[in-house]
Amino acid sequence: MTSRWKVFVGVGCALTTTVYSVKCAPASPAIQRDKVVIVGAGIGGLAAAVALRAQGFSVEVYEKARAMRPVGATLALSPNGLAALDTICPDAYSRVVEKSVEPDVCVVKNMKDQVVKKTHFIQNKALLLVWHVLQMELAIELPPECIHLGRKFLKYQVDPETRKVTAVFRCVDGSEEIVRADCLIGADGVNSAVHQCMHGSAPQKVVHDKIMFRANLLKKDVETSFPSPHDIPDQGVQISWSKEDGELFSFRETGGDYLTYTAISNFGSDEGGQNVAQELWGEDQEDWGPELIKKRATLKRNAGGRKKVLKRMFEGYPASVQHIIDITQEDAIYVNEVMDHPVSERWVDGPVGMLGDAVHTMTPDAGQGANMSLEDAAELAAFLSIHRWEERGLEKGLVQWEAARKPRVKIVRALSREMTRTNSPVNTPGAAGQPKPAIVNTPGAAGQPKPAYFNFIYAYRSSLSSGCLEQN
């Protein structure tokens with residue numbers, strides 16, 4: 001039985017199409033399924049698990065967190081990410097769309113709470129939802145017994161003869177668990193332990209002198225406590241209070257009965273910035289920039305200072321902003337530096353691969369972090385399926401997957417970094433003699449040019465088909 005199947009690969013700012021024919025292996029319980037171990041139960045890790053399991057792989061997910069809690073903040077799924085999710089799992093896609101909100105209007109206000117601008121989104125709209133909603137929708141597609149919580153990845157080793165992978169995890173009680181698999185995928189984020197093991201160091205983060213606070217609130221709690229219901233944004237409306245220096249506080253309904261906000265402040269190396277660093281990290285360093293980021297354990301461990309610092313940084317904002325912060329629970333506030341790191345030059349080590357933030361952490365300005373992880377996951381399942389029946393086929397599939405993904409990811413990461421650097425990205429790559437019209441961070445707004453880069457991003461499609469694939 002055969003059918004046609006396509007993989008779309010981004011090269012430069014164009015798309016090329018590779019066509020495969022599907023050759024389904026005979027259904028037989030005697031066929032042993034390849035075992036894939038995934039490190040990390042975030043969006044990329046769970047998406048890869050769902051996609052690979054749908055292709056007939058045996059999948060186990062190991063996550064260092066002890067529980068999957070309703071944390072995280074606003075997530076924007078753009079057309080490319082939605083297409084990847086749809087091919088990974090149509091049922092999860094349908095549920096996510098139902099629980100999302102389509103943005104319609106952005107209302108910009110000044111410090112006097114006066115409306116200074118309204119922007120209507122008219123094309124290529126993203127869907128907004130809360131991060132953990134997508135995480136949960138992916139998780140329920142997996143058998144509970146294949147998600148192992150409270151497991152911290154320590155190291156891996158590849159047997160040179162059998163090409164099997166042995167991974168070691170530390171359990172909550174301090175014991176170690178040894179797991180053997182045919183393939184290991186590191187989806188363990190910006191501080192990737194798999195990257196540390198493969199390269200001898202974690203990804204080299206670059207901090208962009210901005211700090212971002214994010215939180216989600218239950219809509220019913222906000223409605224019962226807000227002084228005026230008129231200050232609560234309607235569905236599809238985002239209210240942003242902003243300053244000329246790029247500082248802003250944005251509030252919107254995000255689907256699934258949640259309201260979320262994002263607060264971004266400049267985080268320079270002046271005395272004010274150093275005071276903020278000391279309050280958040282609990283350290284007194286002259287050079288508190290990248291070096292301090294390396295030395296501190298994590299912002300999450302100093303939860304008691306987040307709300308205090310957030311209030312101080314936005315104390316000059318209107319009463320609505322102050323009330324939103326006041327009603328936020330301390331542990332609902334997620335804070336991090338705006339950062340990225342260069343796209344890793346090597347994603348694969350034999351039967352071991354990495355995806356998502358482990359190899360291409362991006363700044364949030366282009367809204368593509370989760371979308372790129374979904375694409376990674378969909379294409380990973382596709383390329384492993386193509387070669388799985390060949391000798392050392394999984395290794396060959398990983399090498400080809402990396403080669404297909406890397407050029408596109410580098411372009412998207414560069415665009416996002418440019419948006420972060422200028423707060424107004426250019427419309428073209430900057431050919432000599434070409435004008436560079438500024439665009440807003442949410443492309444497709446009325447009166448704004450349609451950026452070529454976003455055409456490239458949104459036109460991408462990932463495709464999956466059940467069975468085993470062979471290239472023509």
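Me: Why is R392 called partly exposed?
Reply: The model is a predicted one, and the value is computed from it. R392 has a relative accessible area of 47%. Buried requires under 20% and exposed requires over 50%, so R392, at 47%, is classed as partly exposed.

Me: What makes the contact of E395 with R392 a salt bridge?
Reply: The closest N and O atoms of E395 and R392 are 3.0 Å apart. The criterion asks for a side-chain nitrogen of Lys or Arg within 4 Å of a carboxyl oxygen of Asp or Glu, so the pair qualifies as a salt bridge. E395 has a relative accessible area of 11%, and is therefore buried.

Me: How many salt bridges does this rule give?
Reply: The count comes to 21.

Me: How do you know that E137 and R95 form a salt bridge, and which parts of the chain does the pair link?
Reply: Their closest N and O atoms lie 2.3 Å apart, and the limit is 4 Å.

Me: Is E137 buried or exposed, and what makes R95 partly exposed?
Reply: E137 has 5% relative accessibility, and because the limit for buried is under 20%, E137 counts as buried. R95 has a relative accessible area of 22% and is therefore partly exposed, since that value lies between 20% and 50%.

Me: What makes K164 and D182 a salt bridge, and why is the pair said to tie parts together?
Reply: The closest N and O atoms of K164 and D182 are 2.2 Å apart, against a limit of 4 Å. K164 sits in the loop between β10 (151-158) and β11 (165-171), while D182 sits in the loop between β12 (176-181) and β13 (183-186), so the pair ties together parts 18 residues apart in sequence. K164, at 38% relative accessibility, is partly exposed, whereas D182, at 16%, is buried.

Me: Which residues make the contact of α2 with α3?
Reply: L82, L85, D86 and I88 in α2 meet P90, Y93 and V96 in α3. These residues divide into six nonpolar, no polar and one charged.

Me: Why do β7 and β18 count as edge strands?
Reply: The open sheet of seven strands has the order β7-β6-β15-β16-β17-β14-β18, with mixed pairing. β7 (115-120) and β18 (333-340) each have a single partner strand, so one side of each is left without a neighbour in the sheet. The twist averages 20 degrees from one strand to the next.

Me: How do you know that β14 and β17 pair?
Reply: Strand β14 (residues 206-218) and strand β17 (residues 258-266) share nine bridges in the antiparallel sense. At least two bridges are required, so the two strands count as paired. R214 stands opposite T262 in β17.

Me: Which strands does helix α13 lie across?
Reply: Helix α13 (residues 393-422) lies across β14 and β18, running at about 90 degrees to β14.

Conventions: Residues numbered from 1 in each chain as written. Predicted model: local features only at pLDDT ≥ 70, side-chain atom pairs only at ≥ 80, totals over all residues. Heavy atoms only, no water. Contact = heavy atoms within 4.5 Å. Helix = DSSP H or I, 4+ residues; strand = E, 2+ residues; numbered from the N terminus. Nonpolar A, V, L, I, M, F, W, Y, C, P; charged D, E, K, R; others polar. Buried < 20%, exposed > 50% of the residue type's maximum accessible area, 1.4 Å probe, protein only. Axes fitted to C-alpha atoms, helices over the stretch in contact; angles between N-to-C directions.
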